[in-house]
Amino acid sequence: FYNCKEISKVSFTYNPEMIKTSSNGTQPFALSIDTAAFAGCSGLEAVNLTENVTSISEEVFSGCSSLKELVLPESVTSLGYRFILGTGITSIAVPKNIKYAYTWGSDGPFAGSNVTTVTFEEGIETIPSGLCSFGNYSSYISGEIVIPKSVSNVGSKAFYNCTNLKY
């Protein structure tokens, strides 16, 4: 869907299917959204993600300037660098199951975005390394960062170069 400027809404349908694992167990169907899947879709205004989504890769919604809100389901465990670069998103809630934040240089998942407020969901124990890291792009995080009492570890450079933060 790269650069499809006419797309205005994307909805993923929940898949209740259980998948067999190599150890003869089962697990819920998992969906990964790969690199730049919707990049450049400047008309995209709404995205509905389901609990099947476990991974959002780098620059997935890059350049989706009409996208003002994105709700990440609890099932998301990893976010790629600059995944919301150039969107209209100003506030985001990080799900409690997030484990990995992939970076490019010092750019983390929120680099190049307009995010000013980050809320970590109650139950998160570790804020991943590089999650709010900014290298090549300015940090707009200046509003509020809400860290719940469940957090016991903040990864290295989790808030690297967040120069607008006030404490």
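A residue is called buried when its relative accessible area is under 20% and exposed when that area is over 50%. The structure shown in these views is a predicted model.

**View 1. The aromatic cluster of F1, F12, F38 and F61.** These four residues, F1, F12, F38 and F61, form one aromatic cluster. The structure as a whole holds 7 aromatic pairs. In one of them, the rings of F1 and F38 are stacked, because their centres are 5.4 Å apart and their planes stand at 10°. This pair links distant parts of the chain, with F1 in the segment before β1 (9-11) and F38 in the loop between β4 (31-33) and β5 (46-48), 37 residues apart. F1 has a relative accessibility of 62% and therefore counts as exposed, whereas F38, at 5%, counts as buried.

**View 2. The stacked rings of F38 and F61.** Both partners are buried, F38 as well as F61. The ring centres of F38 and F61 lie 5.8 Å apart and the planes are at 10°, so this pair is also described as stacked. F38 belongs to the loop between β4 and β5, and F61 to the loop between β6 and β7 (78-79); the pair therefore ties together parts that are 23 residues apart in sequence.

**View 3. F61 and the largest nonpolar core.** The largest nonpolar core has 38 residues, of which I56, F61, F83 and F110 touch the most other members. Strands β6 (53-56), β8 (91-94) and β10 (117-120) each supply at least two residues of this core. Leaving aside residues up to four places away in sequence, F61 touches F38, L44, V47, I56, L67, L70, F83, I84, L85 and T87.

View 4. Strands of a sheet pair through backbone hydrogen bonds, either parallel or antiparallel. Here, 4 strands make up an open sheet in the order β4-β6-β7-β9, and the pairing is parallel. Its edge strands, β4 and β9 (100-101), each pair on one side only. Between β4 and β6 there are 3 bridges, in the parallel sense, and S32 stands opposite S55 in β6. Between β6 and β7 the pairing is again in the parallel sense, over 2 bridges. S55 has S78 as its bridge partner in β7.

**View 5. The open sheet of three strands.** A sheet of 3 strands, also open, has the order β8-β10-β12 with parallel pairing. Each of its edge strands, β8 and β12 (145-146), pairs on one side only. Strands β10 and β12 run parallel and are joined by 2 bridges. The bridge partner of T119 in β12 is V146.

**View 6. K157 and the ring of Y160.** This view shows a lysine beside an aromatic ring. K157 lies over the face of Y160, at a distance of 5.1 Å from the ring centre.

How values were computed. Residues numbered from 1 in each chain as written. Predicted model: local features only at pLDDT ≥ 70, side-chain atom pairs only at ≥ 80, totals over all residues. Heavy atoms only, no water. Core = buried A, V, L, I, M, F, W, Y, C linked by side-chain atoms within 4.5 Å. Buried < 20%, exposed > 50% of the residue type's maximum accessible area, 1.4 Å probe, protein only. Contact = heavy atoms within 4.5 Å. Phe/Tyr/Trp six-rings, centres within 6.5 Å; stacked < 30°, edge-to-face > 60°. Lys NZ or Arg CZ within 6 Å of the ring centre and 35° of its normal. Pairing = 2+ DSSP bridges.
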